[in-house]
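This report describes one protein model for a reader who is new to structures. Look at the sequence and the model first, then read on.

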Amino acid sequence: MTSAIRHRIAELSDEIRDHQFRYYVLDKPIITDGEFDTLLKELEKLEKSHPELKLADSPTDLVGGGFATHFQQRDHIEKMMSLDNVFDEVELESWFDRVAKSEVKNSWLCEVKVDGLAINLLYEKGKLVSALTRGNGATGEDVTLNIRTIGVIPHELKGKNVPELLEVRGEVFFPIEEFNTFNDALEEEGKERFANPRNAAAGSLRQKDPRVTASRPLSMVVHGIGAHQGVKFNSQSEAYEILQSLGLPTSSRYKVVTSRTEVNEFISYYGAHRHDVEHEIDGIVIKVNEIDIQSQLGFTSRAPKWAIAYKYPPEEVTTKLLDIKVSVGRTGRVTPFAFMEPVKVAGSTVTNATLHNAQEVVRKGVMIGDWVLIRKAGDVIPEVLGPVIDRRDGSEKAFVMPTKCPDCGSTLRAMSEGDVDLRCPNSRSCPAQLIERIYYIGSRAALDIDVLGYEAASALLSDKLITDEADLFGLTKEALSRSPFFTKKDGSLGANAEKFIAALELAKTKPLWRILVGLSIRHVGPTAAQALAAAFSSIDAISSASLEELSAVDGVGGIIAESIVEWFSVDWHQEIIKKWKKAGVDLSVTLAPSTDPQTLAGLTIVATGSLEDFTRDGVAEVIASHGGKVSSSVSKKTDFVVAGENAGSKMTKAEELGVPVLNEAQFKVLLAKGPQALG
């Protein structure tokens, strides 16, 4: 037994060191942070149970890897520690209990854990003299020249009370919005994309030529203090206030609380809003706020006892790619997707992940049989980021895009020159397209018809109650009685049938723009649909409008206009309109005069980013109901840009053009009182 444990400890130690080298030196990890944490945690448990078997150079005693690179190595004045991790509420409570043994009455400082590259800045008499990576905690790589290219980091501290000496710890990160733009630019140049923002930050900071680093939009947030002279901190929060006053980039995403309940609330909040943050986060750091209590609690060989990192479930994991299949969407687009060994990511188990199109499969270099890195951000479908090439064994096979639709057998083709997507041209009767279109009509994005989900759409078609969407509004209770989905075991109508018929009647009176969205006209989403409805007032006027007239509508343009003309030129599409009219669907503007004050009359507004109290569709509706015009792009004609979290390029464009940018609170003032209230 002892021999087996000794062997496992040695095996884990070697494996962890190898992964540290790949992570800290090569910037090309082959496992995710979550998988690395699992290995390290296993080793820690074995060493705790069998301390006599612990290796003298165990990676559990080291910070990072301490590997030499082409950058010069320098010592930190004060050791740069790492953090211990907990992964659930039970482990967090256990840490609280351990800390409570030594604590007097104290408060906790909670802050988001930036997923970036740890850096130590050294200021002497207010001047930045060096910047080191964490390294092994005692010695790091000198990246001073590259750090000086980051705009938010001051070369000289400001204020009257500048410390004689100050080591500042923080994280260099690649903002998410800029990361996506940067990756797209790499792709256009035929270069390899970065797997994630953390790797992009590390790769950018380790450039031999500082001019390359300067060309990349890196940022930094500071969150700790090392050696210091000429300044005193009584609490962590006071330290942040002082650092901010010195001109250092501190975060506003922290909170001082006095109870464990408040700590858990902070964790829960950012667990739900982690994608509203401008940089990637992988957890929450909880620190004892009072410095004197921190000193009482002290340190282990690698981490402070007075701080802990609560890690969220990983959003990037590796798994085996078993096959690449294709699915057919409501507009006929045929999308490859990865079929994988089940793996838990971001709290849920997944087996499928999107691959977008055949060109994307080739670009990412993914092969059937690969180990792949997948990511699930927010509520979106998981995405394959790329293969773990070092884990290939030669058995992998290349994916071949099918030439026939898997659902109806039609020959696939590009719909236009230069289109990277292949589509099934059998839009009228392809089973996959039919069910997706009918399901979409019932979605919140379109007509929001109660009961009309995916199962109901399947039942309507399989039980031959409808042939296509043209028959939808002609459905009756008698027709529904022929479908097991809408009936009880005794054959009588179920409650869902009553609700469905009532929902169909309500949908007949929905605004024209929602009808347009529900028709699944390619490229016509809520913004374009609202612009069309406002410009033409009826489906007949839109149908008879010329390409030039449609293109002239602000928010439509040439590509959308071509899709509209093409859609209305199809005979069976006209049949949908004809049958819906006959069934009583109002295809003119049915939006009742708004009772809201017309505070936005004559204003063109662009909304961007994530708002707390408005969905994407919701903010468009409230702008329209207050008399405003919604636009999808910023121009000189834009009156205001409403910017939430992760606003990105639209806010940048607004600043370049001098268009006023409003936060959510200011937007609410605008809604209530009009532009004059903003001064």
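## Cysteines

By the distance rule used here, in which a disulfide is a pair of cysteine sulfur atoms within 2.5 Å, the count is 0 disulfides. In general, a disulfide is a covalent bond between the sulfur atoms of two cysteines. For C408, the closest cysteine sulfur belongs to C424, and at 3.5 Å it is too far for a bond.

How accessible are C408 and C110? C408 has 28% relative accessibility and so counts as partly exposed, while C110, at 0%, counts as buried.

## Basis of the model

The model is predicted: local features need pLDDT of at least 70, side-chain atom pairs count only at pLDDT 80 or more, and totals for chains, interfaces and linings use all residues. Residues are numbered from 1 along each chain as its sequence is written, and side-chain values use heavy atoms, with hydrogens and water left out.

## Overall form

The protein has 24 helices and 21 strands, where helices (H or I, at least four residues) and strands (E, at least two) are DSSP runs numbered from the N terminus. Its radius of gyration is 29 Å, close to the 26 Å that the globule rule gives for 679 residues, so the protein is as compact as a globular protein of that length. The radius is taken over C-alpha atoms, and the globule rule is 2.2 Å times the number of residues to the power 0.38. Along the principal axes, the C-alpha atoms fill a box of roughly 80 × 70 × 55 Å.

Of the 679 residues, 48% are buried. A contact means heavy atoms within 4.5 Å; among contacts with a separation of 6 or more, 67% join residues 24 or more positions apart.

Helix α8 covers residues 236–245 and includes A239. This alanine is buried, with a relative accessibility of 3%. Leaving aside residues up to four places away in sequence, A239 touches I225 and F233. The C-alpha atoms of A239 and N289 are separated by 9.8 Å, although the two are 50 residues apart along the chain.

Which residues of helix α17 (residues 526–536) are buried? They are A528, A529, Q530, A531, L532, A533 and F536. After α17 comes S537, whose phi is positive, near 70°.

## Loop residues

V451 sits in the loop between α12 (431–441) and α13 (454–462), and K464 is in the loop between α13 and α14 (477–480). Their accessibility classes are partly exposed for V451, at 22% relative accessible area, and exposed for K464, at 70%.

K160 is in the loop between α4 (144–147) and β7 (165–173). With a relative accessible area of 85%, K160 is exposed. From K160 to H573 the C-alpha distance is 73 Å, and these residues are 413 apart in sequence.

Definitions and conventions:
Buried means under 20% relative accessible area, exposed over 50%, partly exposed in between (1.4 Å probe, protein chains only).
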